[in-house]
Amino acid sequence: MQSFKSTSILRHFLQKSRLVSQSRSFCGVSSNVLIDEPENTVLVEGKASSRTAILNRPHVLNAINYSIASRLMKLYKSWEDDPDIGFVVLKGNDRAFSAGGDIVSLYNLLKQGNFQDCKEFCWTMYSLVYVVGTYLKPHVALLNGVTMGGGAGISIPGTFRVATEKTVFATPETLIGYHPDAGASFYLSRLPGYLGEYLALTGDKISGAEMISCGLATHYSHSAKIHLIEEQLGTLITDDPSVIERSLGNWGEIVHPDPASILHRRARQPSKMHGVLQH
């Protein structure tokens, strides 16, 4: 379980530094960055004691562009400061959670010679990963679909990650000549055996069952139960992670990786994930 008190102390110390101060205020960058209807790229649902942010670019598997990253930064900061909001839920619209950063937009900006906007997007994106990883309130990510690259970056560092039979996880950056980013070097290096190195180098995909088995996910439920999970979370009036964990556990299922899973072919070593991803 996360130690939110410890995180609060650390954040109080770090926020005195120039670096963190800049990352926390970055949502006000240049308006010249490629933006498509920012109010619609992230939808919001208000519940009793929570807020749900919905990534809303289903035509590109909810790929994260500057619009999404900057809006989430603003929303998360606002919700973190609101005493009436106990926790935050993040999910994707349609069949994906998020396929990661919008590299098509970045490529087009580079073709135009617009390097500054590329840098601003990356700064905002990486700052958002930091915000999720140090958030002072419980964070629930519903990974019901494609969860790759930057999509993993804004979910894995959070408190709870719910996988389903539709979840497909990968860090495929090496396939485009890049390296796993958005916090991947932290959580991949803490997977059991050499699984993290394998996923980082190959960009191979793993399932929701494999995610729960290696510790990338905290809970597993069938996709048909996701709406029930959301309904129950929506009734909670709490900021207590243990209460949220019990709620998620009500819909949890025990699953095992397929016999052909890469998890069965790695050297057997104890998982390094247990307790490490928690603050």
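Close-up 1. Lys47 is partly exposed, at 33% relative accessible area (buried is under 20%, exposed over 50%, partly exposed in between; 1.4 Å probe, protein chains only). Glu45 is partly exposed too, at 28%. Their side chains form a salt bridge, 3.7 Å from N to O. A salt bridge here is a side-chain nitrogen of Lys or Arg within 4 Å of a carboxyl oxygen of Asp or Glu. By this rule the count comes to five. The model is predicted: local features need pLDDT of at least 70, side-chain atom pairs pLDDT 80 or more, while totals for chains, interfaces and linings use all residues. Residues are numbered from 1 along each chain, and side-chain values use heavy atoms, without hydrogens and water.

Close-up 2. Asp81 pairs with Lys77, with the closest N and O atoms 2.4 Å apart. Both lie in H4 (residues 66–81), four residues apart, about one turn of the helix. Helices are DSSP runs of H or I, at least four residues; strands are runs of E, at least two; both are numbered from the N terminus. Lys77 is partly exposed, at 32%.

Close-up 3. The side chains of Glu230 and Lys91 meet at 2.7 Å, N to O. Glu230 sits in helix H11 (residues 226–235) and Lys91 in strand E3 (residues 87–92), so the pair ties together parts 139 residues apart in sequence. Glu230 is buried, at 18%. Lys91 is buried as well, at 15%.

**Close-up 4. Contact of H5 with H6.** Leu106, Leu109 and Leu110 in H5 meet Phe115, Asp117, Cys118 and Phe121 in H6 (contact means heavy atoms within 4.5 Å).
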